[in-house]
Amino acid sequence: MHSLAETADKRFLSFAPGFWSTIVPELWNDWKWQLKNRITNLQQLEQKFALTPEERAGVILSGNKLALAITPHFFNLIDPEDADCPIRRQVIPRVEESYQSPLEMADPCGEDSHMPVPGLVHRYPDRVLFLVTDRCASYCRYCTRSRVVSGVGEHELHTNFEEAYRYLETHLEIRDVLLSGGDALLLSDDKLRGILRRLRAIEHIEFVRIGTRVPIFLPQRITPELCRMLQEFHPLWMSVHVNHPRELTTEVRTALERLVDHGIPLGNQSVLLKGVNDDLTVMRALVHKLVMCRVRPYYIYQCDLIHGSAHLRTSVAKGIEIIEGLRGHTTGYAVPQFVIDAPGGGGKVPINPGYILYHDHEKIVIRNYEGKIFEYPESETTGHSSASSDYVDEYLYS
Ligand SMILES: *Cc1c(COP(=O)(O)O)cnc(C)c1O
Ligand code: SF4
């Protein structure tokens, strides 16, 4: 009889060492080797396979917008025969990246205007985003923070750590700190331990989390030593970033399980991307695989209006359609929340299919996932709806 793990393993493809067929496992499994051997220029790309003209122009034209970098691990997931490969679209620039539309912005989520201290974004009442590095293992072409990430864009990230700690110490309302960047897991164990110690010394900070794509781009970084270090700082949660089921390789699954085994709850944030995951079948496979890796699908983001992202953006209706196709049809744990990060700095706004057909002070009329209609009595004492059009009137016109 097969163990559950063996059965599950068959659902995960392993591509290593693929394009690096002569590499010995000791080097392949060394995260520093992976970083040193990233694909970072046109010549290295063209040694691996033939680019399309759109990609070739993209690599040449996007160099001063967001750096090119792809770890060998992630590069091996690319199908060289498929110009529309969903892995390829995420990390190889295309000429469309140099097109700008008037709706696009350098800082679509208005982060710079919500920074009381360089590197600290305080937009919500009780939590902050702490940008601790500008480097990532590989660069996502649609990165909402490409103005500061990778070191070649419009701005440089000048995080002032001491000033940030002072701000956190004096703002008693902050109970949740989210480490991001760039990618916090690219820092050395010592540097990261130093940051976590400083945060944990602040009594009113209840909860620390790390937003990272390192377990996906560079699973070799998730060493037992790193996990043991992180374990000292509980409660520590982590949000990873997987967009397509093919990213959940055996190595990635091992890294994710190692994190969970050290008590770190994992959530996943996907970005809805045209030609990558704008499809119910792909998304369903992704959320099912995530749950098997003990990762809870957390958010699906509508792609931000970052410069040069039009070729990767989908309609909002597509995101709603995907949620509609998941909710009720599959495990509730596998259904993420679809959100739009409101342009200019409004924060994340949940976008849901319309399950409320009617709502007044007497009743609510709802539909279920099958389209069947139900009524539930409204209780007068609980006040009235926040879903009615009065809500819009009150808030927009007052
Ligand atoms: C996304 C985000 C957070 C965290 O939001 P949650 O909904 O709590 O996950 C915090 N601060 C900023 C600026 C963010 O963009
Ligand atoms: S890992 Fe995150 S911060 Fe880094 S390039 Fe991708 S989206 Fe941007």
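I count two strands as paired if DSSP finds at least two bridges between them. The model I am reading is a predicted one.

**The sheet.** With that definition in hand, I looked up the order of the strands, and I found an open sheet of 9 strands that runs β1-β2-β3-β4-β5-β6-β7-β8-β9, with mixed pairing. I then asked which strands lie at the edges. They are β1 (120-121) and β9 (347-350), each of which pairs on one side only.

For one pair within this order, I noted that strand β4, residues 207-211, and strand β5, residues 236-240, run in the parallel sense and are joined over 4 bridges. Within this pairing I traced Gly211, whose bridge partner in β5 is Ser239. I also looked for what lies against the sheet, and found that helix α12 (residues 250-261) packs on it, touching β5, β6 (266-272) and β7 (295-302), while the direction of α12 makes about 140° with that of β6. As a reminder to myself, in a regular strand the side chains alternate between the two faces of the sheet.

I next turned to β10 (residues 356-359) and β11 (residues 363-367), which pair in the antiparallel sense over 3 bridges.

**Helices α9 and α11.** I looked up how helix α9 (residues 189-200) lies against helix α11 (residues 224-231), and the angle is about 10°, with the axes 10 Å apart. Angles under 35 degrees count as roughly parallel, and α9 and α11 are therefore roughly parallel to each other. On the side of α9 the contact involves Asp189, Leu192, Arg193 and Leu196, which meet Glu225, Leu226, Met229 and Leu230 in α11. I sorted the residues of this contact into 5 nonpolar, no polar and 3 charged.

**Helices α13 and α14.** From α13 the contact takes in Leu280, Met283, Arg284 and Val287, and from α14 it takes in Ile322, Gly325 and Leu326. By kind, the residues of this contact of α13 with α14 divide into 5 nonpolar, 1 polar and 1 charged.

How values were computed: Residues are numbered from 1 along each chain as its sequence is written. Chains are lettered from A and ligands numbered from 1 in the order in which they are written. This is a predicted model: local features need pLDDT of at least 70, side-chain atom pairs count only at pLDDT 80 or more; totals for chains, interfaces and linings use all residues. Side-chain values use heavy atoms; hydrogens and water are left out. Helices (H or I, at least four residues) and strands (E, at least two) are DSSP runs, numbered from the N terminus. Contact means heavy atoms within 4.5 Å. Ala, Val, Leu, Ile, Met, Phe, Trp, Tyr, Cys and Pro count as nonpolar, Asp, Glu, Lys and Arg as charged, and the others, Gly among them, as polar. Axes are lines fitted to C-alpha atoms, for helices over the stretch in contact, and angles run from 0 to 180 degrees between N-to-C directions. Angles under 35 degrees count as roughly parallel, over 145 as roughly antiparallel, 65 to 115 as roughly perpendicular and the rest as oblique.
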